[in-house]
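Trainee: I have not looked at this structure before, and I would like to learn how to read its features one at a time. Could we go through it together?

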Amino acid sequence: MTAKIKEWPGTPLRDTDIKEKKVLSTEWHPNLKYAWDCGVGYGRYFAELKNGKIIGTKCEKCHRVLLPARAFCELCFRTVDEWVYLKDTGTVNTFSIAYTDVQANRIKEPQIPALIEIDGSGGVGIMHLLEEVDPKKVKIGMKVKAVWKPKAQREGAITDIKYWKPL
Amino acid sequence: MSPLEKIVQTTQTKSLQGDIPVYGQYTFGVAGERFFREIKDNARIMGATCKSCNLTYVPARLFCERCFNKLEDWVDVGKRGVVHTYTLSYLDLDENRLDKPVILAMVQLDGAYGGLVHRLGEVTPEKIRIGMPVEAVFKAKAEREGSILDIKYFKPC
């Protein structure tokens, strides 16, 4: 409200008015789905995760590994030269201790998202979670190893790795 | 498979799939609320009369769209009307073929300007004519929930 306007025009409604059926309403639940085509690079990357392997691609010109695997090197604009399997061990490059979940609810046991540099990749990292570790003892430079889901439960997603634990 | 090799089998491609959880909730507004309340509670179809334009709008609304006067005279226009136009639909909303067509009609209520788009029932497609008098069939009071579908259909009368 302002000094001049004591009451806004219109008919105010609250959530509870609808929930308590004080006003009539109609609901619409559209069935919305999406499918994101992973392409060649990410496609094989996810397929190999299902096999319990981490795969990247290599650009010989730039002498570097691309992880997750991509079909083109974004530095020299060439098609990459080969596929390269990487270890499922790495080093914590940076991390955070989160006391809220993705819906912003408070949680007692914190989640520890970390950027993990994969061994043999020349310093390329993936974002993932650390577990089986005391939050106070997480250090940058800590060696970690992937904990995979059992093969039958894997579905070709980054969550096929459950978390990473100290080596 | 090299990175350059073409994918010929579509089963080798992969996509990530998900749902987008959104929904809409629509309230009918001041006039709509009253209009659907009358249908729900009293099984009455209401119109709003504009005296200066000599028109009764169905469904009832707040303002006359011709002279912009506020409409305060609500009247029960009754259950009867005539078929203004109709169509036979052999497809449902998901485009599945139907053996028996759904008959959709624009019903102009007696004495009213405008009308309701609704289903016709208790009639075969061959017998429908434009100008045919019809009458609203309401659901039982306990089943009515304040929706246009509280009217089951219009039947010949």
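Trainee: Among contacts in chain A between residues at least 6 apart in sequence, what percentage join residues at least 24 apart?

Mentor: Two residues are in contact if their C-beta atoms, placed from the backbone, lie within 7 Å. Among such contacts in chain A between residues at least 6 apart in sequence, 48% join residues at least 24 apart. Before going on, note that this is a predicted model, in which local features need pLDDT of at least 70 and side-chain atom pairs count only at pLDDT 80 or more, while totals for chains, interfaces and linings use all residues. Residues are numbered from 1 along each chain as its sequence is written, and chains are lettered from A and ligands numbered from 1 in the order in which they are written.

Trainee: How many helices and strands are there in chain A?

Mentor: Helices (H or I, at least four residues) and strands (E, at least two) are DSSP runs, numbered from the N terminus. Chain A has two helices and 11 strands, and from the N terminus on its elements run α-β-β-α-β-β-β-β-β-β-β-β-β.

Trainee: How many bridges join β8(A) to β9(A)?

Mentor: Two strands pair if DSSP finds at least two bridges between them. Here six bridges join β8 (residues 106–118) to β9 (residues 125–130) of chain A, and the two strands run antiparallel; L115(A), for one, has M127(A) in β9(A) as its bridge partner. The two strands form a hairpin with six residues between them, and G120(A) in the turn has a positive phi of about 85°.

Trainee: Turning to chain B, which residues of α1(B) are buried?

Mentor: A residue is buried if 20 or more other C-beta atoms lie within 10 Å of its own, exposed if 12 or fewer, and partly exposed in between, with C-beta atoms placed from the backbone. In α1(B), the residues G32(B), F35(B), F36(B) and I39(B) are buried. Seen down the axis of α1(B), the buried residues fall within an arc of 85° (taken from the directions from the helix axis to the C-beta atoms), so they line one face of the helix. An α-helix has 3.6 residues a turn, so residues three or four places apart point the same way. The buried residues of α1(B) pack against β3 (46–50) of chain B.

Trainee: What is the strand order in the open sheet of chain B?

Mentor: The order in this open sheet of three strands is β4-β3-β5, with antiparallel pairing. Its edge strands are β4 (55–57) and β5 (73–76) of chain B, each of which pairs on one side only. Between β3(B) and β4(B) there are three bridges, and A48(B) has Y57(B) in β4(B) as its bridge partner.
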